[in-house]
Amino acid sequence: MNTTKYFLLIFCWFFWIACSQKEEKQEEKKPLVKLEIVTEQPVAQTYDFTGTIQPFNENKIAPSVPLRIGRILVEVGDFVKPGQVVARMDKSQFAQQKAQLDNLKTTYERMKNLYDVGGISKHDLDQSETAMIVAQTAVANLDENSDLRSPIAGIVSERNYDSGDMYSGLPVVVVQQLNPVKVLINVTEELYPRLQKGMPVELKLDIYPGRIFNGSIYLIHPTVDPQTHTFIVEVTIPNSDLKVRPGMFGRITISLGTLNHVVVPDRAVIKQQGSGERFVYMFNSADSSVVRKVLDLGRRLDNTYEVVSGIDENTQVVVSGQTRLVDGMKVEVQK
């Protein structure tokens, strides 16, 4: 019996030692982390958009009636002034209609004289007058379409016919106004109350590295797309040297001042694989544990991120040693 008690005491002693060593090992396994305190600072509220350069205006110049083209007076790349003749249509049809109108005028005058002496009815006179008016309209239309003029100053970007061709639907020439040019950008609906016509913008083009083209908001479309929750904003860029051309890819930056926001070190931010969710581990000094906190981040600022929501100023966050951490885990802070 005494031997049994003796072995029982020995077993309890070894068990106590094993448990103590296990606790020590567990204590030793606390992750070692480094902390930083997040602060609030003024953050520039700039927003970047992309778009393709477009002409400010584009005129597709063509006759309103099917005519043969007499002569085209411009080539692609030519600059034209407002009112400048760019093409002259064949006038043979105009001459025929003018001769027919002259005959109808003579007939009308003769029938009017007959009507005055009772030789014809009022109905016959009215028919003659109607035919004359129709012919006058046709002649005026042909006369208006004899010389095709550009309504704007710009550059000829298309020429679809040669002299002598029959007009068949395509514009004879296309003139684009390139000073200024414009860019249409899609803006998220949250910015709708903050944008105003005339606000300054900056344009950057890959083809001109380091150069900034200044412009302004020209037009804000009044409706929001229910599918994308964006609305269209048109910006214009002065282009007196014509360096910016339609079709170029550009980046538009709009600045809306500054706001005081918390900024967090980029080393503290972890991206959740598969979801795109970004979070940090906050340090709880009460029990030396960490708390996983999802953040709504704004712009990246060098080696920090703007925090829109999710964390308060003066919070301590883990910036080193996050790989082994889980929510609620106790940690040891590196001094």
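Colleague: Which residue lies over the face of phenylalanine 279?

Modeller: That is arginine 292, at 3.9 Å from the ring centre. A charge sits over a ring here if NZ of Lys or CZ of Arg is within 6 Å of the ring centre and within 35 degrees of the ring normal. Before we go on, this is a predicted model, where local features need pLDDT of at least 70 and side-chain atom pairs count only at pLDDT 80 or more, while totals for chains, interfaces and linings use all residues. Residues are numbered from 1 along each chain as its sequence is written, and side-chain values use heavy atoms, with hydrogens and water left out.

Colleague: Thanks! And what lies over the face of tyrosine 218?

Modeller: Lysine 197 does, at 5.7 Å from the ring centre.

Colleague: Let's turn to ring pairs. How many aromatic pairs are there?

Modeller: The count is 5. Rings of Phe, Tyr and Trp (its six-membered ring) pair if their centres lie within 6.5 Å; planes under 30 degrees apart are stacked, over 60 edge-to-face, and the rest tilted. One of the pairs is tyrosine 208 with phenylalanine 213, which is tilted, with 5.9 Å between centres and 55° between the planes.

Colleague: What about phenylalanine 279, which ring does it pair with?

Modeller: Phenylalanine 279 pairs with tyrosine 281, edge-to-face, at 5.7 Å centre to centre and 90° between the planes.

Colleague: Are those two buried or exposed?

Modeller: Both phenylalanine 279 and tyrosine 281 are buried. Buried means under 20% relative accessible area, exposed over 50%, and partly exposed in between (1.4 Å probe, protein chains only).

Colleague: Now the backbone. Which peptide bond is cis?

Modeller: The one from asparagine 179 to proline 180, with omega near 5°. Proline 180 lies in strand β8, residues 173–188. Strands (E, at least two residues) and helices (H or I, at least four) are DSSP runs, numbered from the N terminus. Most residues other than glycine have a negative phi, and most peptide bonds are trans.

Colleague: What is the phi of serine 288, then, and where is that residue found?

Modeller: Its phi is near 55°, a positive value in a residue other than glycine. Serine 288 is in the loop between β14 (278–284) and β15 (289–294), and is partly exposed at 29% relative accessibility. Asparagine 314 also has a positive phi, of about 70°. That asparagine 314 lies in the loop between β17 and β18 (316–320) and counts as exposed at 54%.

Colleague: Changing topic: how do β2 and β12 pair?

Modeller: They pair in the antiparallel sense over 13 bridges; two strands pair if DSSP finds at least two bridges between them. Threonine 52 has phenylalanine 249 in β12 as its bridge partner. β2 and β8 are antiparallel too, over 8 bridges, and lysine 60 has valine 174 in β8 as its bridge partner.

Colleague: Last one. Which strands each supply at least two residues of the largest pocket's lining?

Modeller: β2 (39–61), β12 (249–265), β16 (296–301) and β17 (304–309). The lining includes Tyr47, Glu190, Arg194, His261 and Arg299. A pocket is an open set of points on a 1 Å grid over the protein atoms alone where a 1.4 Å probe fits, with protein on both sides within 12 Å along at least five of seven lines, and lining residues have an atom within 4 Å of a point.
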